Amino acid sequence: MSVSTARRQLNDGSWMPLLGFGTWKLWCTFHAPEDVKPSVIETLRNLQLTYLNLYLIHFPVGFQNVLGELLPRHEGRVLVSEIDYVDTWKAMEALVDEGFVKSIGVSNFNISQLQRLLSKARIFPAVNQVELHPYLTQPELVEFCMSRNIALTAFSPLGSPGRSLAFLNESADPKDLLKDPAVKMIAEKHSKSPAQV
């Protein structure tokens, strides 16, 4: 099935076309080069597609592949793997060569990780998806990506008011960005909603 004809059956029995430019991610437990291709094949099968437009490495650090565990832990600590993200990237490049994906990219990579990847990559990342919002603007990373022609896309552009306490950074994470007085003032000045600002 091609992307243009892909569709998904809804609970009510009707069909919804899968349109637009989609982004999917390689989860951290599948960083081993031998796991990358089976992971994208499973994603394609689940989506009923023949290729993906964009496939990202979800995080520069891989987790140990413990059967059935999304976030494998031992004694409260995440079990990280020894797999180098450059090796994962080379397997991602093979997905492009084999036609499984059109473009590849990364997520949550900092400048030093990107520099190292660029020094080893045959295909440069098309995208780096990172957390960006008014309280986390990351100007150096934005400039670096622009200078290397890497598109920067934001996750949590409205902040993360529902973020789990386990992942909350009290000093940096906004409590409720959409209610911030400065954001509200700018929105009102331009006749926009806080989310549009």
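How many bridges join strand S4 to strand S7? Read on to the second legend.

**View 1. The open sheet in this predicted model has five strands.** Their order is S3-S4-S7-S8-S9, and the pairing is parallel. Strands here are DSSP runs of E with at least two residues, helices are runs of H or I with at least four, and both are numbered from the N terminus. Two strands pair if DSSP finds at least two bridges between them. S3 (23-26) and S9 (151-155) sit at the edges, each pairing on one side only. On average, neighbours in this sheet are turned by 30° against each other, direction ignored.

**View 2. Here S4 meets S7.** Five bridges join S4 (residues 52-57) to S7 (residues 101-107), and the two run parallel. Leucine 56 stands opposite glycine 105 in S7.

**View 3. Helices H1 and H2 cross at roughly 40°.** The axes of H1 (residues 33-47) and H2 (residues 85-97) come within 8 Å. Axes are lines fitted to C-alpha atoms, for helices over the stretch in contact, with angles from 0 to 180 degrees between N-to-C directions. H1 and H2 are therefore oblique to each other (under 35 degrees is roughly parallel, over 145 roughly antiparallel, 65 to 115 roughly perpendicular, the rest oblique).

**View 4. Pro33, Val36, Lys37 and Val40 of H1 touch H2.** On the H2 side, the contact (heavy atoms within 4.5 Å) is made by Asp87, Thr88, Ala91, Met92 and Leu95.

**Notes.** Residues are numbered from 1 along each chain as its sequence is written. In this predicted model, local features need pLDDT of at least 70 and side-chain atom pairs count only at pLDDT 80 or more, while totals for chains, interfaces and linings use all residues; side-chain values use heavy atoms, leaving out hydrogens and water.
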